[in-house]
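Hi,

Here's the structure I promised to pass on. Have a look, and my notes follow below.

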Amino acid sequence: MELFSDNINLIDEWQNINPNANADSMLQVWTYKIDFLNQTINNLKVQQEASINDNLANAELKNDYVVNAELPEMNTAALNEVEINSVKEVTIFNILLTFRT
């Protein structure tokens, strides 16, 4: 791209070196090439951003496989069940102690 930009800046000198060539048409060709290269750069940036976003979305999806939304609820339910069972056992133990004395 720098080569084409330099050519545009030095179009008069290029015309002197190539007197039989049409400087205006070359200027147009170089401008189109620069525009094409700029569009290619923009396309690559868009693809890069899309790839990054896709990678983030895939990472979130994989995290959902590993830690789904139900896991904290299941953990809470399991802890509640353990607590209920321990309270029942303590109550039963206290009842048995009263019969023993």
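The predicted model has a mean pLDDT (the predictor's confidence in each residue, from 0 to 100) of 76, with 80% of residues at 70 or more. Confidence is lowest in helix α1 (residues 2-9), mean 61, and highest in helix α3 (residues 23-66), at 81.

Of the 101 residues, 6% are buried (under 20% relative accessible area, 1.4 Å probe, protein chains only). The protein exposes about 8800 Å², 59% of it from carbon and sulfur atoms (Shrake-Rupley method).

Housekeeping: numbering starts from 1 along each chain as its sequence is written, and side-chain values use heavy atoms, without hydrogens and water. As this is a predicted model, local features need pLDDT of at least 70 and side-chain atom pairs 80 or more, while totals for chains, interfaces and linings use all residues.

Cheers

How values were computed
Buried means under 20% relative accessible area, exposed over 50%, partly exposed in between (1.4 Å probe, protein chains only). Accessible areas come from the Shrake-Rupley method with a 1.4 Å probe; for residues, only the protein chains shown count as cover. Helices (H or I, at least four residues) and strands (E, at least two) are DSSP runs, numbered from the N terminus.
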